[in-house]
Amino acid sequence: MTDLSTRFFGLTLKNPVIAGSCGMTGNINRIVEIAKAKPGAIVLKSVFEEEIDLLYQKEQSSSYAQNLDPEYLNYFDYVIKEENLGKYLDLIQEAKKLVDVPIVASVSCITSNEWISYVKRLQDAGADAIELNLFIIPSDVKRTNEENERFYFESVRKVSEIVSIPVTLKVSYYFSNLAKMMKDLSSKGIAGITLFNRFYSPDINIEKEELTSGDVFSNSDEYLLPLRWTGILSSKVDCPIAATTGIHSAETAIKMILAGAGAVQIASAMYKEGPDVIGKITNGIEEWMKRKFYNSIKEFKGKLALHTDDITAYERVQFMNYFGNK
Ligand SMILES: Cc1cc2nc3c(=O)[nH]c(=O)nc-3n(C[C@H](O)[C@H](O)[C@H](O)COP(=O)(O)O)c2cc1C
């Protein structure tokens with residue numbers, strides 16, 4: 001029998017195909033639909049630090065709020081945050097009640113301040129693990145590398161002190177020393193790192209000469225960046241890796257596992273093809289394993305990871321071979 005089980009989020013997942021955090025996983029009906037496709041886990045849409053603050057500011061700017069004294073506003077702020085968080089806690093509880101798949105809460109944040117106190121409540125609501133979606137765009141010319149990096153370590157430390165469920169990180173590639181940063185973070189007791197989040201990107205309309213939004217959904221050729229870094233990092237870090245971005249097929253998922261990923265997280269493909277794509281990818285992995293006589297994920301996971309410090313295998317040599325024949 002083919003065993004598709006794998007480890008991520010500090011849990012044994014039935015298979016490596018995870019429904020990644022997105023709008024769909026923020027809606028209970030969609031979560032139930034996704035669960036029918038039997039993902040290894042479902043990561044809920046993130047509760048956003050900025051979202052809570054924006055709502056607060058919107059309410060504050062109303063004429064009603066403007067007449068309130070600052071002490072009341074502090075209370076008002078608290079009430080709004082409570083309401084938003086309450087909705088998220090309800091989502092966790094409902095999901096846990098209605099589906100038989102691990103439910104991972106997700107927190108998106110850019111500071112290690114107030115939101116930290118929320119995480120215990122995500123655990124109490126029944127989340128099986130917490131994914132921290134940490135991201136600072138390093139665009140502030142006055143902010144040092146150390147300041148940016150401290151945010152990641154502080155967030156991990158503070159959250160790990162508060163909760164007992166596994167904590168994983170979802171990160172971007174905006175680090176000056178990505179490999180060392182991931183290695184150092186992985187040694188802080190986290191249960192996994194997800195490489196890499198794909199963010200909203202601005203684009204420019206040259207006719208209107210104005211800023212627009214880049215494509216919200218990934219294309220199937222965007223997997224090469226996480227593939228490279230999964231290959232480079234998977235044998236070096238002290239925790240499992242999940243790959244995300246551009247995984248739209250079983251073939252790409254298999255590549256990620258060969259490079260050393262314990263799991264893959266899918267979002268855009270669910271929007272483009274519907275949640276059934278999860279089952280399609282899982283079945284595709286199983287069929288490939290049978291054809292290749294693999295009985296379990298661990299028999300081929302990391303087979304093509306970078307096992308030595310000779311980084312040229314994942315970078316320069318392939319580049320030179322390619323152009324050397326042209
Ligand atoms: C519409 C949409 C909403 C998303 N919302 C979140 C979110 O709330 N939190 C998060 O960590 N990632 C979020 N993501 C990122 C996805 O989880 C995923 O990491 C990223 O889209 C790359 O995977 P993909 O190529 O399969 O889309 C979102 C993606 C999409 C398309």
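Trainee: What is the relative accessibility of Arg-198?

Mentor: Arg-198 has a relative accessibility of 27%, so this residue counts as partly exposed. Buried means under 20% relative accessible area, exposed over 50%, and partly exposed in between, with a 1.4 Å probe and protein chains only.

Some ground rules. This is a predicted model: local features need pLDDT of at least 70, side-chain atom pairs count only at pLDDT 80 or more, and totals for chains, interfaces and linings use all residues. Residues are numbered from 1 along each chain as its sequence is written, and side-chain values use heavy atoms, with hydrogens and water left out.

Now the partner. The side chain of Arg-198 forms a salt bridge with that of Glu-222, at 2.7 Å from N to O. The pair links distant parts of the chain, 24 residues apart. Arg-198 sits in the loop between strand S9 (193–195) and strand S10 (202–205). Glu-222 sits in the loop between strand S11 (210–213) and H8. Glu-222 is partly exposed too, at 24% relative accessibility.

Two terms need their cut-offs. A salt bridge puts a side-chain nitrogen of Lys or Arg within 4 Å of a carboxyl oxygen of Asp or Glu. Helices (H or I, at least four residues) and strands (E, at least two) are DSSP runs, numbered from the N terminus.

The structure holds ten salt bridges. Another joins Asp-238 to Lys-183, at 2.8 Å from N to O. Asp-238 is partly exposed at 45%. Lys-183 is partly exposed at 32%.

Lys-255 and Glu-251 both lie in helix H9 (residues 250–258), four residues apart, about one turn. Their side chains meet at 3.9 Å, N to O. Lys-255 is partly exposed at 28%. Glu-251 is exposed at 53%.

Now the nonpolar side. A nonpolar core is a set of buried Ala, Val, Leu, Ile, Met, Phe, Trp, Tyr and Cys residues joined through side-chain atoms within 4.5 Å. The largest has 88 residues, and Met-182 and Ile-285 touch the most other members. Beyond its neighbours within four places in sequence, Met-182 is in contact (heavy atoms within 4.5 Å) with Val-171, Phe-175, Ile-193, Leu-195, Leu-233 and Val-237.
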